[in-house]
Amino acid sequence: MNIVIRKEKNYSNKRYNCNNNVIYSISNERDCDEAIKLSKYYDSSLFIEISYDNGETEYVDLQSYIKCGDKIETNKITPHNHDENIKSLADVLVKEQKNECINKILNGADPQTLYDKLPLFFKWNGANLIEVVNCKNVRNITQVKPKVYIAPFVEKDGELADEMMGLILKKASASATNSANNILKTFNKKLKSDISISKTQIVNI
């Protein structure tokens, strides 16, 4: 995943060619009368603004997350073909980063280590958050627009968060089902129903 942090807002020269406000191609050329070139009026859709107590401001550039099929209107870009919780480009960014973390965890990465390495704005939860930068400067987040937040994957007591445990159990159940069916297939048989692994079956090793 490519997350671009800019000190100043910078708009691309791309043109978004549309039909009834739906993007059908993205290029440096204007292919139709409905071609749109993004301007400052799309700030809230294109950038996550991060302000710190020391007066520093950063912007997370979301232009690379605009895809064909997205709806583009004045001051708003609506992603397409996503679940009901995806209402903005920021939501797409969070979902992709979260999925990337989850896949790494399911392949053996340490959840807390991954969470610790997430960019600061992903840890925003509505309250001031202190982060030490380069072991020297302490920065307090004062506002993030729109709010970007990924819940920790690990609880304070060391137990996996319910969401993470649910995903692990789902993958384990699917893996067990596939393994069993691969064995049974040799004998022209298969499971009547999928194997379900519950949290109560899990113990520490």
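Author: Start with two helices. H2 and H4 are oblique to each other. The model is predicted.

Reader: At what angle do the axes of H2 and H4 cross?

Author: They cross at roughly 55°. Angles of 65 to 115 degrees would count as roughly perpendicular, and those under 35 as roughly parallel. H2 and H4 are therefore oblique. Helix H2 covers residues 89-106, and helix H4 covers residues 162-185. Their axes come within 11 Å.

Reader: Is the crossing of H2 and H4 left-handed or right-handed?

Author: Right-handed, as H2 passes H4.

Reader: Which residues make the contact?

Author: H2 brings Lys 98, Ile 102, Ile 105 and Leu 106. H4 brings Glu 163, Met 164, Leu 167, Ile 168 and Lys 171.

Reader: Now the rings. What describes a pair of aromatic rings?

Author: The distance of the centres and the angle of the planes.

Reader: How many aromatic pairs does the count come to?

Author: The count is 2. One of these pairs is Phe 47 with Tyr 59, centre to centre 6.0 Å, with 80° between the planes. Planes over 60 degrees apart count as edge-to-face, and this pair is edge-to-face.

Reader: Where in the chain do Phe 47 and Tyr 59 lie?

Author: Phe 47 is in strand S5, residues 47-52. Tyr 59 is in strand S6, residues 57-61. They are 12 residues apart, and the pair links distant parts of the chain.

Reader: Are Phe 47 and Tyr 59 buried or exposed?

Author: Both are buried.

Reader: Why is the pair of Phe 121 and Phe 122 called tilted?

Author: Their planes stand at 40°, so the pair is tilted. The ring centres are 4.8 Å apart.

Reader: What relative accessible area does Phe 121 have?

Author: It has 3%, so Phe 121 is buried. The cut-off for buried is under 20%. Phe 122 has 0% and also counts as buried.

Reader: One last residue. Where is Pro 111 found?

Author: In helix H3, residues 111-117. Pro 111 is buried, at 11% relative accessible area.

Reader: Which residues does Pro 111 touch?

Author: Ile 105, Phe 153, Val 154 and Leu 160, leaving out residues up to four places away in sequence. Ile 105 is also part of the contact of H2 with H4.

Reader: How many residues separate Pro 111 and Cys 101 in sequence?

Author: They are 10 residues apart in sequence. In space their C-alpha atoms are 7.9 Å apart.

Technical notes. Residues numbered from 1 in each chain as written. Predicted model: local features only at pLDDT ≥ 70, side-chain atom pairs only at ≥ 80, totals over all residues. Heavy atoms only, no water. Axes fitted to C-alpha atoms, helices over the stretch in contact; angles between N-to-C directions. Helix = DSSP H or I, 4+ residues; strand = E, 2+ residues; numbered from the N terminus. Parallel < 35°, antiparallel > 145°, perpendicular 65-115°, else oblique. Left-handed = near helix turned anticlockwise from the far one by under 90°. Contact = heavy atoms within 4.5 Å. Phe/Tyr/Trp six-rings, centres within 6.5 Å; stacked < 30°, edge-to-face > 60°. Buried < 20%, exposed > 50% of the residue type's maximum accessible area, 1.4 Å probe, protein only.
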